Amino acid sequence: MILTSANLVFIVTLTIMPFLLIGVIKKIKACFQNRVGPPVFQSLYNLVKLFNKDEILSKDCSWIFRSGPLISFSGMLLLCLSVPWLPLQPPVPGCDIFLFVYVLALIRFFSIISSIDAGSPFSSFAASREATLSFLAEPAFVLALVALGISAHSSDLALIFGQPIENNRIPLSVWFFSGLALFLSGIVELSRMPIDDPSTHLELTMVHEAMVIENSGPNLALVEWSYALKLLLFFGLIAQCFVYSLSKIIALPPLLLPLSVLVVMLALGCLTAMIESFSVKLSWGKNPDFIAYAVSMSLLSSLAAFAMNGGS
Amino acid sequence: MISIIEPKDEMELLPALKQWLQNDEHRLGLITSLDGKQLVTLLLDLASRQAKCWITEFAGDSYRSFTSSVPQAHWFERALFDMYGLLPKGHPRLKPALLNEAYSGIFAPLRSLAEHDEGKSYERDLSYMDVGGEGVYEVPVGPVHAGIIEPGHFRLSCMGERILNLEIRLGFLHRGVEKRLTEVPLTKTRFIAEAVASDTAAANAIASAQAIESLAGLVVPEKAVCLRALALEIERLSMHVCDLGGMAADLGCGAISAAFSRLRGSVFRLGELLSGSRFLRAYILPGGVARDADRYLAEFARTLKPLRKELNVVIDSFISDAMVLERLDGVGVLSPAFAKEFGLVGVAGRASAVSYDVRKVFQNKILPEPRIRFESAGDALSRTKIRVFEIGTSLDLIEQLLASLPSGPIAVAAPELLVPDSIAVGIVEAFRGELIHMISTDNKGRIKRYAVKDPSLNNWTGLAIAVRNNFLADFPVCNKSFGLSYSGHDL
Amino acid sequence: MLDLLFQIMKKGCVTQQALFPLREEHCLGLPSLESNKSCLGEICAECMQMCPTAAISIESGASAKVTLDIGSCIGCGLCVSGCPERLFKNDLRTDLAVNDLNSLVITNEWKLADKPNKPRRKLPFRNSLAVRVVSTGCSACDSEIGAAGNPIFDMERFGVQVVASPRMADALLITGPVPSSMHEAVKRTYEAMSNPRIVVAVGTCAISGGVHHDGYAQANGIKDILPVDIFIPGCPPHPWSIIHGLMLAMGRV
Amino acid sequence: MMNEVNLLTVTAAVFAIMMSGSGQSRTNLLLYAMQTFFIALACLAQAEAKGSPELYTVVIGIIVIKVLTVPYFLSWLANKIEARSDPGAFLPIPLTMHVSILLFALSHFLALGLPLFKGIGSVASDATGAISLLLTGMLFMLTRRFALGQIIGFLTLENGIFLFAVTQTKGMPFIIEMGILLDVLVAVMIGGLFVFRIQKSFEHIDVTQLNGLKE
């Protein structure tokens with residue numbers, strides 16, 4: 001990895017953007033609640049504080065519990081470095097769709113077993129919920145990426161995302177439906193409303209927060225950080241999908257592209273905040289219905305990919 | 001009101017109680033004891049607006065249990081066991097209600113210490129119900145909860161995501177209020193009565209004042225009666241708004257819940273204008289109220305008007321949201337038959353077709369009568385609807401009371417001595433339902449026994465039954481829709 | 001739904017910007033003592049008899065030194081209206097939290113500047129404080145902690161957040177008199193917190209047990225059970241007082 | 001590759017697919033209105049392409065009657081009878097959505113096999129949306145338990161037929177177009193009345209329960 005100016009931009013984005021996104025979501029939610037809300041970089045402050053605290057372990061947890069956050073953080077960092085951002089190619093090249101999906105699955109596996117290892121009843125059943133939800137949402141997520149891969153005739157992420165507009169042969173409908181499918185499954189993966197309410201404090205309804213209920217200090221900081229990176233990763237991919245579909249309708253000058261990706265990411269943050277302010281958390285039994293929408297979108301996307309493949 | 005005292009033989013007590021409860025106009029108020037040598041059964045006759053006490057003397061430490069025939073008696077029997085060490089013979093499952101793990105061995109706080117040492121031993125059964133079967137697991141929650149909630153321990157036996165059984169253990173807030181109420185001088189009683197549950201401070205203070213006033217033969221000035229009713233309705237408004245906001249927060253509607261808590265700030269301001277305290281504390285005293293709010297009434301009306309308008313908008317968008325309706329519909333159903341059997345009161349009662357409202361029956365005739373509505377679905381949605389309806393009623397009543405506030409004194413001098421050897425009750429419709437304070441005096445006119453029956457006492461069983469067969473993740477919604485008090489129950 | 005959106009837009013930001021404002025004139029605050037008034041001494045002792053929690057004591061002697069323990073005062077206002085010499089005044093301040101229990105005991109010779117909050121050990125909480133609430137009381141203080149997070153007071157803007165687990169928490173907020181049934185639970189919650197950690201006693205009951213002091217339930221407040229760092233008096237404390245206490249814990253006031 | 005009409009019809013079909021994934025009558029009605037709005041737009045594009053002024057009138061008719069009046073009336077009705085969310089008959093609702101996507105794929109192949117009216121410049125994929133709407137509407141009618149859902153399914157089906165006529169033919173005579181529109185309106189009113197009557201007499205609108213009525 002060579003430190004070029006492009007890579008520098010990449011690293012700065014990677015450091016600041018996740019916290020900015022979380023901050024923006026919280027700030028907009030606060031606006032809808034007629035209040036000031038936490039500072040935009042509150043999650044960064046939390047992180048600094050958590051690294052300054054001691055770690056406390058329950059007596060019956062093993063190395064799995066401690067390694068879970070580390071694995072998920074390093075995995076997430078690796079993914080963020082190997083996914084292309086619209087004008088930039090990744091510093092770590094050669095990331096395949098399936099590698100991407102499997103690293104995500106690995107992260108999930110470790111976070112699930114580490115929260116089972118924690119030994120608290122809440123973290124265990126939250127882990128089981130997480131497993132159920134991601135099991136349901138994964139097809140949508142994979143299928144959406146595969147549809148993009150089919151259209152691009154490649155499974156290399158760098159050949160799908162981050163391509164200059166003129167090289168991009170993926171049709172509008174595939175981009176759009178894949179973007180929607182990724183967004184809907186992203187809501188599930190990121191445990192946001194209406195699947196899971198990140199601001200609730202009810203042990204029996206939480207999913208993500210209950211999973212990390214036993215983590216403390218630096219361990220918790222790593223969990224929070226890798227969550228922020230995951231948010232960035234998903235929003236980045238979704239934003240690229242939407243920017244590409246936009247570029248099919250109106251001609252965007254190449255210089256504006258990176259900017260528009262950032263803008264779309266913030267807009268996605270706004271949308272998430274809106275949903276979190278006004279929608280109702282689904283009853284547990286209705287979650288599959290919601291995920292069905294994500295699956296439908298990715299089905300449509302792959303249909304479009306198949307249909308258009310012959311035509312173009 | 002002073003209650004009629006009738007002696008009742010132990011053998012005829014149970015049939016008489018069953019007979020009494022046959023009639024829809026009759027209610028069981030509470031069952032307790034004065035000093036551990038008798039049972040006091042307080043009965044309410046809604047038709048003739050009377051309270052009646054059956055006093056059953058019995059020898060020894062045990063009596064025949066009612067629970068199997070009169071299910072609503074079981075909390076009272078459990079409390080009697082904790083506080084007096086009285087053993088109900090034939091109780092199906094006697095577990096502690098007020099004194100839990102922290103109290104072991106022989107300890108009955110309302111009995112004099114001398115009686116403890118007679119070598120009697122009663123073991124507290126602290127086990128939980130064992131729900132068997134493959135795949136059934138237990139989720140213990142509490143006593144310390146993740147949010148800002150009072151402590152209580154819930155043990156949920158689940159099958160997958162379904163709740164099979166809920167066992168509630170309370171008593172973590174047992175502060176010894178009933179004992180303390182008999183220890184302090186009469187002038188300080190009201191502060192401890194308020195501390196029973198401060199979200200119900202006004203209702204508790206009114207009930208306490210009513211009981212003391214009837215024992216002292218005081219007639220409260222009309223203006224004080226109206227101001228008390230005003231305080232009560234403000235409290236109801238405040239807590240219903242709070243509960244709706246909590247419900248919205250549990251459902252995840254951040255904006256609506258924040259709007260409710262913003263508006264609750266205005267309701268608090270109403271309370272402050274009236275009494276100086278956000279929780280209407282130190283305002284109601286035996287004989288009247290503590291201060292005259294005439295100076296602030298204009299400001300009061302100015303706050304009330306926009307509050308009503310904004311509240312309507314927020315409530316409408318909450319209760320007409322299709323997703324909210326869908327989410328609450330059919331969650332936590334409590335059938336009317338159960339509600340009647342367990343003597344549910346208040347919002348939870350009215351959502352399950354128990355139309356009883358103390359304000360209709362026992363309140364002073366000069367006060368405007370509230371509109372009552374009841375539903376029969378008994379689910380979280382109907383409880384929410386009842387709450388919404390009662391917010392409207394409270395606002396109406398506040399406006400009516402303001403418009404027709406009589407003039408005159410706000411208090412009469414507080415009593416020094418009470419009528420000896422009698423029992424008086426104060427009954428108030430607190431925002432959770434029927435709240436009873438019962439005072440019994442000794443032969444010198446001092447308070448011998450002060451019993452408090454919070455509305456939650458009747459309703460906790462309702463919650464335990466209503467959550468059965470619901471999703472585990474819906475438990476907070478059920479719990480919030482009942483909106484019960486822990487401190488009022490634990491005393 | 002559109003009406004609501006419109007209302008939200010119209011209201012704008014309702015958060016009170018001025019920190020720790022005085023409460024309005026009609027409100028009942030905690031009492032404080034006027035330093036330049038005389039007292040009739042033990043002969044009168046009206047206030048001592050009235051006080052529901054024995055928070056007032058009068059020292060015998062010519063000077064008639066009156067001591068008021070704010071830590072056990074429930075703010076009923078009886079002494080303010082009942083003292084024939086008007087020695088007590090209704091204190092409308094909201095920045096009442098202290099980190100030293102002795103500063104809560106005030107006398108009629110005491111002046112505000114005499115007992116500043118002593119400097120605290122350095123803690124990494126300046127910009128972020130995660131709070132865990134353990135309620136052991138009558139729920140008024142819990143309501144006020146909830147209110148401190150509402151749009152009007154909005155404690156989140158100072159970086160305070162309520163968290164779901166003691167493991168994530170930096171500060172343990174205790175409300176209520178901590179009766180014996182809760183001793184174990186409170187201790188366990190404290191043990192589950194990672195260092196550095198602080199304990200905040202919210203409300204009169206948590207400080208001294210309030211009206212429940214010295215009963216059979218041993219509800220005498222939290223100070224005998226855990227080391228308390230911050231005391232927030234009031235029954236219940238005003239949301240601003242709670243925010244003041246938390247900001248004191250963060251080292252920002 | 002894709003012209004305007006094609007894009008609009010496919011969008012309408014996607015809305016119909018999304019509609020089949022929800023049991024909420026109000027969500028259904030909103031999605032129905034969106035779907036019909038896109039059909040109106042497709043009709044408008046067709047009108048521009050063909051230069052037939054009558055089609056403009058039809059567009060206005062569709063917007064007034066099918067986009068505004070009918071959904072409004074039905075959502076008023078839904079409010080009136082406090083219709084609960086449809087539990088679905090035969091198939092669970094999410095599965096219905098997946099089946100309707102398969103039907104969408106099926107209609108693509110069906111459309112490829114259609115004889116084309118070369119003269120008016122229609123392409124095969126234009127018919128995809130129309131056939132998909134038709135099939136989805138049928139599926140919707142089959143899989144809904146409540147009468148209100150079945151009315152919406154019927155309306156979707158009718159949308160499909162109309163779209164097919166607009167894109168694949170030279171267009172029906174103007175009178176017939178308007179007549180169909182009015183027919184739809186009347187049908188919805190009558191259907192609505194029926195729903196109301198069923199609700200009044202049986203206190204629910206679950207039509208599967210009607211089977212039990214014989215003898």
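In this predicted model, the second largest cavity has a lining of 23 residues, and those nearest its centre are A:Ser72, A:Ile107, A:Ser111, A:His208 and A:Lys230. Four helices of chain A give two or more residues each to the lining of this cavity: H3 (63-82), H4 (97-117), H8 (208-211) and H9 (217-249). Of the contributing elements, H4(A) gives the most, with six residues. The space in the second largest cavity comes to about 350 Å³.

The second largest pocket draws on several chains. Its lining includes at least two residues from each of helix H5 (121-152) of chain A, strands S7 (136-141) and S8 (153-159) of chain B, and helix H5 (180-191) of chain C. The largest share, seven residues, is supplied by H5(C). Nearest the centre of this pocket lie B:Gly142, B:Pro143, B:Val144, C:Arg188 and C:Thr189.

The table sets out the two spaces with their volumes and linings.

| Space | Volume | Lining residues | Classes of lining residues |
|---|---|---|---|
| Second largest cavity | about 350 Å³ | 23 residues | ten nonpolar, nine polar, four charged |

**Contacts between chains**

Five pairs of chains touch, and the pair formed by chains B and C has the most contacts among them. Chains C and D, by contrast, do not touch, and their nearest C-alpha atoms are 14 Å apart. Between chains A and C, 29 residues of chain A are in contact with 37 residues of chain C. The size of an interface is often given as the accessible area lost when the parts come together. For chains A and C, the buried area is about 2,700 Å², with 57% of it given by carbon and sulfur atoms. On the chain A side, A:Asn34, A:Lys49 and A:Lys53 lose the most area to chain C, and together they account for 24% of what that side buries.

**Helix H7 of chain A**

Helix H7 of chain A spans residues 172-189, 18 residues in total. From first C-alpha to last, H7(A) reaches 25 Å, close to the 26 Å expected at 1.5 Å a residue. This helix is mostly covered, with 15 of its 18 residues buried. After H7(A) comes A:Ser191, whose phi is positive, near 45 degrees.

B:Ile447 belongs to strand S14 of chain B, which covers residues 447-453. Is B:Ile447 buried or exposed? B:Ile447 counts as buried because its relative accessible area is 13%, under the 20% cut-off. Apart from neighbours within four places in sequence, B:Ile447 is in contact with B:Thr182, B:Leu186, B:Thr189, B:Leu418, B:Ile439 and B:Ser440. B:Ala293 stands 154 residues from B:Ile447 in sequence and 32 Å from it in space, C-alpha to C-alpha.

**Chain D**

The secondary structure of chain D consists of seven helices and zero strands, giving the pattern α-α-α-α-α-α-α along the sequence. Of its 215 residues, 53% count as buried. Among the contacts in chain D with a separation of 6 or more, 76% involve residues 24 or more positions apart.

Notes
Residues are numbered from 1 along each chain as its sequence is written. Chains are lettered from A and ligands numbered from 1 in the order in which they are written. This is a predicted model: local features need pLDDT of at least 70, side-chain atom pairs count only at pLDDT 80 or more; totals for chains, interfaces and linings use all residues. Side-chain values use heavy atoms; hydrogens and water are left out. Contact means heavy atoms within 4.5 Å. On a 1 Å grid over the protein atoms alone, a cavity is a set of points where a 1.4 Å probe fits but cannot get out, and a pocket is an open set with protein on both sides within 12 Å along at least five of seven lines; lining residues have an atom within 4 Å of a point. Grid points are joined across faces, edges and corners, and a volume is the space filled by probe spheres set on the points. Ala, Val, Leu, Ile, Met, Phe, Trp, Tyr, Cys and Pro count as nonpolar, Asp, Glu, Lys and Arg as charged, and the others, Gly among them, as polar. The expected span of a helix is 1.5 Å times one less than its number of residues. Buried means under 20% relative accessible area, exposed over 50%, partly exposed in between (1.4 Å probe, protein chains only). Buried area is the accessible area (1.4 Å probe) that two parts lose on being put together, summed over both.
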